[in-house]
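Reader: Can you take me through this one? I have the sequence and the model open.

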Amino acid sequence: MVDQVHGPRLLLDCTLRDGGYVNNWAFHRDTVQNVMQALYEAGVRYIELGILGQGGKPGRSTKFSDFVQMEPHLQARHADCQYAVMLNQAEAEQYAIPERNGKTPDLIRIAFFKPEYSAAMRKAEELKAKGYLVWLQAMATFLYRTDEMERLLDEVNRVRPDGFYMVDSFSTMYRQDVRQMADQILARLSPDIQFGFHAHNNIQLAYSNAIEFFSIPTGRPLIADGSIYGMGRGAGNVPTELLMEYLNKFAGGKYDILKVLRVFQQEIWPIFRQYYWGYSPEYYLTASKDMNSAYSWYLKDRQVPDLADLSGILDRIPPEIRYTLSRKAADEAVRNYYEEKQL
């Protein structure tokens, strides 16, 4: 499938970052090294090693409060591999980011919601000036109206990041949505900017949506995110090993899937046995209501076991704040729901 119409189809593994939402990023240094080395040996050349954030324990976490904490994980880096870290725009000014050097990641992915996109463009320019590759991740991309997406893409073209992603943050997209959104973006996105897709599996469509994305006729590189065994937020992500299988069969891939299966058995399976991730009715409900899956996670933790009650509570979350978790709004919705139920 790699030809003038179908350019390279690539894979970024985000196990150590998105998977961290499952276990609070509690990956021991040995686990990190084993996962990164297995992915490299399997043929993955974009590896995300974690996220910038507060509260991680050095040597036992892939949540990094500074760049020094990342250095041990990059000591055995490979020159032909791009190592990434994610930065949430909402927290971007908390971190001192050094000039890119041999001890830093190569790539910074800036995740931003629609109200933050102007600030994300400025941060992208700042990081590019420091030598980093920058990918812009437009969280909950479906929230943009056509005119808003056109303005966003004009800004993206002006900034010239190395990559731009559409993100199915709430797992609301079907195959037709993927194609329609991708066509809209590709019609305006500068041809020298790589295009990526990040899917979630709340309605069990992450893998089929990634295949739809890879089938789009374009000569530019297309990149999809995956994680080992789908480890990730909510119902999880596209399993890396399944993306490898597809790319090997239909896009000239040469991935050694057994390397990933071995590190899954050694490092990821024990985590799965402790912290379940995957499809659940709770995460389906948030997807069906165009909401961040964090609401179901939070309300489940608040001991809301009945699915009908959960649905009613979710309906009481104001639409304008459904894209990101507001604990205050969730608590108020719980209180209002049960008060109304007693009337």
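Reader: What should I know about the source and the numbering?

Author: This is a predicted model, in which local features need pLDDT of at least 70 and side-chain atom pairs count only at pLDDT 80 or more, while totals for chains, interfaces and linings use all residues. Residues are numbered from 1 along each chain as its sequence is written, and side-chain values use heavy atoms, with hydrogens and water left out.

Reader: Start with the inside. Which residues touch the most other members of the largest nonpolar core?

Author: Leu-152, Phe-164 and Phe-195 do, in a core of 81 residues. A nonpolar core here is a set of buried Ala, Val, Leu, Ile, Met, Phe, Trp, Tyr and Cys residues joined through side-chain atoms within 4.5 Å. Buried means under 20% relative accessible area, exposed over 50%, and partly exposed in between, with a 1.4 Å probe and protein chains only.

Reader: And what does Phe-195 touch?

Author: Leaving out residues up to four places away in sequence, Phe-195 touches Phe-164, Met-166, Ala-182, Ile-185, Leu-186, Leu-189, Phe-213, Arg-220, Pro-221, Leu-222 and Ile-223. Contact means heavy atoms within 4.5 Å.

Reader: What lies apart from that core?

Author: Another core, of 16 residues, lies apart from the largest one; Leu-285, Ala-294, Val-334 and Tyr-337 are among its members. In soluble globular proteins, nonpolar side chains tend to be buried together.

Reader: Back to the strand. Where is Phe-197, and is it buried or exposed?

Author: Phe-197 lies in strand E8, residues 194–198. Helices (H or I, at least four residues) and strands (E, at least two) are DSSP runs, numbered from the N terminus. Phe-197 is buried because its relative accessible area is 1%.

Reader: Which residues does Phe-197 touch?

Author: Not counting residues up to four places away in sequence, its contacts include Tyr-165, Met-166, Met-173, Phe-213 and Ile-223. Phe-197 and Ile-223 are 26 residues apart in sequence, and their C-alpha atoms are 6.4 Å apart in space.

Reader: New topic, helix packing. How do H12 and H13 cross?

Author: The axes of H12 (residues 307–315) and H13 (residues 327–342) come within 9 Å and cross at roughly 115°. Axes are lines fitted to C-alpha atoms, for helices over the stretch in contact, and angles run from 0 to 180 degrees between N-to-C directions. The crossing of H12 past H13 is right-handed; a crossing is left-handed if the near helix is turned anticlockwise from the far one by less than a right angle, and right-handed if clockwise.

Reader: Which residues meet there?

Author: From H12, Ala-308, Asp-309, Gly-312 and Ile-313 meet Ala-333, Val-334, Tyr-337, Tyr-338 and Lys-341 of H13. The residues of this contact divide into six nonpolar, one polar and two charged. Ala, Val, Leu, Ile, Met, Phe, Trp, Tyr, Cys and Pro count as nonpolar, Asp, Glu, Lys and Arg as charged, and the others, Gly among them, as polar.

Reader: What about Ser-311: buried or exposed?

Author: Ser-311, which is found in H12, is buried, with a relative accessible area of 18%. Its side chain makes a polar contact with the side chain of Lys-289 at 3.1 Å. A polar contact is a pair of N or O atoms within 3.5 Å; within protein, one must be able to donate a hydrogen and the other to accept it, and residues adjacent in sequence count only if both atoms are side-chain atoms.

Reader: Which residues other than glycine have a positive phi?

Author: Ala-140 is one of them, with phi near 45°, and Gln-204 is another, with phi near 65°.

Reader: Where are those two?

Author: Ala-140 is in the loop between strand E6 (133–138) and helix H5 (146–159), and is buried at 0% relative accessible area. Gln-204 is in the loop between E8 and helix H7 (206–214), and is partly exposed at 48%.

Reader: Another loop, then. What is Thr-62 in contact with?

Author: Thr-62, in the loop between strand E2 (46–52) and E3, is buried, with a relative accessible area of 0%. Setting aside neighbours within four places in sequence, Thr-62 is in contact with Leu-16, Trp-25, Phe-27, Val-32, Leu-49, Gly-50 and Ile-51.

Reader: Last one. Why is Gln-75 classed as exposed?

Author: Because its relative accessible area is 68%. Gln-75 lies in the loop between strand E3 (63–64) and strand E4 (82–88).
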